[in-house]
Amino acid sequence: MRSRTGLVVLVMLALGAAACDSNTANRSSSPPTTQASGHPAEHQGAAPATTPKELAAELEQYFAQHTLIAVRQMRSVLTATPDYRKAADAELQEYTEELGQVVAAAYGDAQGDRFKQIWQRGITDFSSYADAVAANDASAKQQARAALLADADAYGSWLAEASNGRAKASDAATVMRTHVEQLMAQADAYAAHDYAKAYQVEREAYEHMFTAGTSLAKASLAPKAAAAIDAPAEKLRAAFAMLLGEHMQLVIDTQRATFAGAPEFKAAAAQVNANTTALTKGMGAIVGPKKATEFEDAWAEHVEGLLDYSTAVASNDEAAKTAARQEMRGYGARLALYLSDVVRNEVPLEPLTNALGEHDQHLVDQVNAYAEKRYGEAQETEIHGYEQMLGVANTLVAAIQKTVKPQLPVGGSQTGGGGTANRRR
Amino acid sequence: MTGAGRRLVAGAAALALLVGCSQAGARRAEPAPAATSQPPEPTVPGVDVARGFRSARGYRATPAPVRLEIPKIGVASSLIPLGRAADGTVEVPPWKVAGWYARGPRPGDPGSAVILGHVDSTGGPAVFFRLRELRRGDRIEVRRADGSRVRFVVQRTAQYDKRRFPTDEVYYPTLTPALRLVTCGGEFDYTSGHYRSNIIVFARLGT
């Protein structure tokens, strides 16, 4: 089982700084492999979440990542890429198993089993929907659509019961119906070659399910414990984790879209840029406009370096690959310097540089594997990379919070002279 | 220059020496040093367009807010920028106008923009005298220096004892655009010459 949380990676990031150098230097173009299978090494199971915040982080990660695996699985059906579909199917199964365990830890074993059944049914029905779209079979499509909406309603009923009424069935069903509609809409758009819509809806679906993960965590908790998830600091963590994880996923989309053609590349790249703009505005809210501009420059180089590399891979241009890797190291160092400065060295420069280098390495490895049609490996690397990115996000936000908190204004304002006090009483 | 600023400049200079690589914004102007002068023919269809990819740049600060209008309570005030007072609180504006906390987010940007105004002066009502009347759904409009407008919708109005002012709810960074209006309220303490509470209006971005 892979690690269930970026929080584990977060700790590793802080503790494993020294080891990172050698890991990065020794890493081949593939992720680490197990001796027996030759497949990318899988993480060992993480300890169950012990705090509301950890639970929220786990469920956000699982729901968001599940959405993207499902999207990619559906597209593999539409592009008739059976090898990719096989890898995605296997990943969805494994993910469902792990997600079921997280849900069982929060809601109890019996409810965890019920959840898994509903989830499994949904995966099957998404697959059926993609098959129907690919076959242009209106009747089968309608049937799959009805089944998916029923799955959404079943989820609503399940959550209302599992949470002892803390979540309303209709509210939870609405959340899941939106998810279902989004995944069907992106498949329809993709099949119609409306890639701009397909990638836009995919991004919306990712964000929707990230926050649905937060809601699922809250519904399992008594109101007092759930309040920890609503605290401003926790909301900030979740918001940044969502955007930074999204960055990772959209870069993967765009790297892979290079192999699919210009229209699809443009559509995926537009979403990467939308994410960069959102991240820059978010940084602006914390560090101010001047430093937000610096962030945007450093981030733009980071993104361009990653896409230069995938372009070189797609071109079979070894010299360009080498040049791109050299660029990426420079850009990563600059970005780390910027971020370390923003958090006033709450996270030292070296581990931050190493963590960003590891992020780059995941994206390099996944596109190498994808180009060579080693889809299982590409996917496993994608998942490792997503976990690692969320870990970086959580570390960064924790450091930002330490930096920001002392700068906040203190207390209330003296905005009254008392001239109307009698009139007001 | 701050210590942090110096570190950034010094670090950037050191980095430039170490990696000898391109500079921000200029990297696409010249070919990468190790690349062949004539790239191989594209082997997959998206390569040509991928080579022309440019990341999003062009972030511009949102223009400063210059005017506040709240039709329901008859507020139409210019806005002045406010900094921090020596005691760590936000500076307060003069009686007749409202002010915005200029070290926080600007209205419409991610985060909670904060606008302060007096409920009264020593002699009579001031700009936020009727702020406590705002209720869920009421409209607030902020005009910016470039003439653009941003609208907010009230979510709730609450009174807090100043000793328990909800600093995090008002000032803590968030990525969701929001607005907080703050004035005084509750009992007036004639000994200190101040009200004992603050009235806070919480508003979200509206249409």
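**View 1. Ile140(B) stands opposite Phe152(B), a residue of β6(B).** What you're looking at is a predicted model, in which local features need pLDDT of at least 70, side-chain atom pairs count only at pLDDT 80 or more, and totals for chains, interfaces and linings use all residues. Residues are numbered from 1 along each chain as its sequence is written, while chains are lettered from A and ligands numbered from 1 in the order in which they are written. β5 (residues 139-144) and β6 (residues 149-161) of chain B are antiparallel partners, held to each other by five bridges. A strand here is a DSSP run of E with at least two residues, a helix is a run of H or I with at least four, and both are numbered from the N terminus. Two strands count as paired if DSSP finds at least two bridges between them. Four residues lie between the strands of this hairpin, and Gly147(B) has a positive phi near 90°.

**View 2. β6(B) also pairs with β8 (residues 194-205) of chain B.** This pairing is antiparallel too, over nine bridges. Look for Val153(B): its bridge partner in β8(B) is Arg204(B).

**View 3. Eight strands of chain B close into a barrel.** From one strand to the next, the twist averages 35° (axes are lines fitted to C-alpha atoms, for helices over the stretch in contact, and angles run from 0 to 180 degrees between N-to-C directions). Within chain B, antiparallel strands β3 (residues 98-101) and β4 (residues 111-116) are joined by two bridges. Here Trp100(B) sits opposite Ile115(B) of β4(B).

**View 4. Chain A has 16 helices and zero strands.** Chain A has 425 residues, and 56% of them count as buried (20 or more other C-beta atoms within 10 Å of the residue's own, with C-beta atoms placed from the backbone).

**View 5. Chain A splits into domain 1 (50-230) and domain 2 (231-405).** These bounds come from an automatic or database domain assignment. Where the two meet, 28 residues of domain 1 of chain A are in contact with 25 residues of domain 2 of chain A (contact means C-beta atoms, placed from the backbone, within 7 Å). On the side of domain 1 of chain A that touches domain 2 of chain A, α3 (52-78), α4 (82-107), α8 (195-219) and α9 (223-230) of chain A each supply at least two residues. The biggest giver to that side is α8(A), with 10 residues.

Methods:
Buried ≥ 20, exposed ≤ 12 C-beta atoms within 10 Å, placed from the backbone.
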